[in-house]
Amino acid sequence: IPKNLESDDEEYVSLISSLPSDIDFVGRELFKYQESWYGNKMLQAILNFQRGFEPQDTDIIIASFPKAGTTWLKALTVALLERSKHSSDAHPLRLDNPHNLVPFFELDLYAKTSKPDMTNFSSTPRVFATHVPLHTLQEALKNCPCKIVYVWRNLKDVLVSYWHFKSALMKVEAERSLLESMFESFCRGVSYGGPFWEHVLSYWRGSLEDSKNVLFLKYEDLKTEPRVQLKRLAEFLDCPFTVEEEENGSVEEILELCSLRNLKNLEINKIGIMSRGVEHKNFFRKGEVGDWKNYLTPEMEKRIDMITEDKFGGSGLKF
Ligand code: A3P
């Protein structure tokens, strides 16, 4: 049982004391639940979510491993669903950060309760987000045919992005010693939602089994062919672009609105702070493919590549 665990949730206390535990890159104790690693508060939130969530057929869930492109996918989804509803100045994305518009189950809604206030979700579809793998999410969905959109990204860029993000949260310079310990944790799979490879594979297999309800996107593809991927997303969400919209430049408008440059420069994302204390600006950095080359050693690269080939080889996943 973790030290200082204060909980009157007996099921949770009994569960957590039965789980394997390990230490992550900042010395924090993590617990292995349904094959993935979480801190104790997160674990309680996931239990709250699995017990209390009442899914609706029209729900849309954005899923990802942290730092794989969640913010971008949230923005694109909101922009698709909201298009033509707002004048450009009053667009929700200009007034708030994508993470406030699309809350996470385990980080926001269910952090403290299994019955959160859902009055903000009066219109449909409701859009939520999560970093848990598919099998853990499915337990909460209880066979409800929600639409799940997953985005993944190469682990080397995820790692470097995570390192900068963590450092920004701790309000320190990004130090090599932290990168090195994060690298070790990631290779062992011991980080929030990790191991990375099993996370990706859960959604990859889910998308093969049920392509109508699970869409599998890649950050790198969104970067190289944004139009194609945005149209895929629109079709999957049953809101395809009409010929007229395509001719009117609606696709480009959404891509421009959701571009890193545009979002990063909005006042709300320069100065805003989320209710859980994270500054909006921390979600926007470089957004480049291959930035890892500036930071990882050839040995680090080789080790990640070897594990990735081992885990993804034979899955049919292009990596
Ligand atoms: P970098 O740190 O490599 O720049 P997440 O949204 O899952 O937390 O991932 C954050 C990463 O996505 C960061 O990557 C961030 O810069 C990038 N990102 C955020 N918004 C983006 C956008 N609108 N377009 C492209 N990339 C974006």
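Start by selecting Thr71 and the ligand: an N or O atom in the Thr71 side chain sits 2.4 Å from an oxygen atom of the ligand. That makes a polar contact, defined as a pair of N or O atoms within 3.5 Å; within protein, one must be able to donate a hydrogen and the other to accept it, and residues adjacent in sequence count only if both atoms are side-chain atoms. What you have open is a predicted model, where local features need pLDDT of at least 70, side-chain atom pairs count only at pLDDT 80 or more, and totals for chains, interfaces and linings use all residues. Residues are numbered from 1 along each chain as its sequence is written, and side-chain values use heavy atoms, with hydrogens and water left out.

Next, click Ser161, where a polar side-chain atom is 2.6 Å from a ligand oxygen. Then try Lys286: here a backbone N or O atom lies 2.7 Å from an oxygen atom of the ligand. On its own the ligand exposes 560 Å², and the protein buries 97% of that (areas by the Shrake-Rupley method with a 1.4 Å probe; for residues, only the protein chains shown count as cover).

Now show the whole shell. There are 18 residues around the ligand, and Lys67, Thr70, Thr71, Ser161 and Gly287 come nearest (a residue is near if one of its heavy atoms lies within 4 Å). Helices here are DSSP runs of H or I, at least four residues, numbered from the N terminus.

Where does Ala174 sit? Look in the loop between helix H8 (155-169) and H9. Ala174 is partly exposed, at 30% relative accessible area (buried means under 20%, exposed over 50%, partly exposed in between, with a 1.4 Å probe and protein chains only). Leaving aside neighbours within four places in sequence, Ala174 is in contact with Trp163, His164 and Ser167, contact being heavy atoms within 4.5 Å.

Last stop: Glu184, in helix H9 (residues 176-188). Glu184 and Met300 are 116 residues apart in sequence, yet 9.4 Å apart in space, C-alpha to C-alpha.

Technical notes: Helix = DSSP H or I, 4+ residues; strand = E, 2+ residues; numbered from the N terminus.
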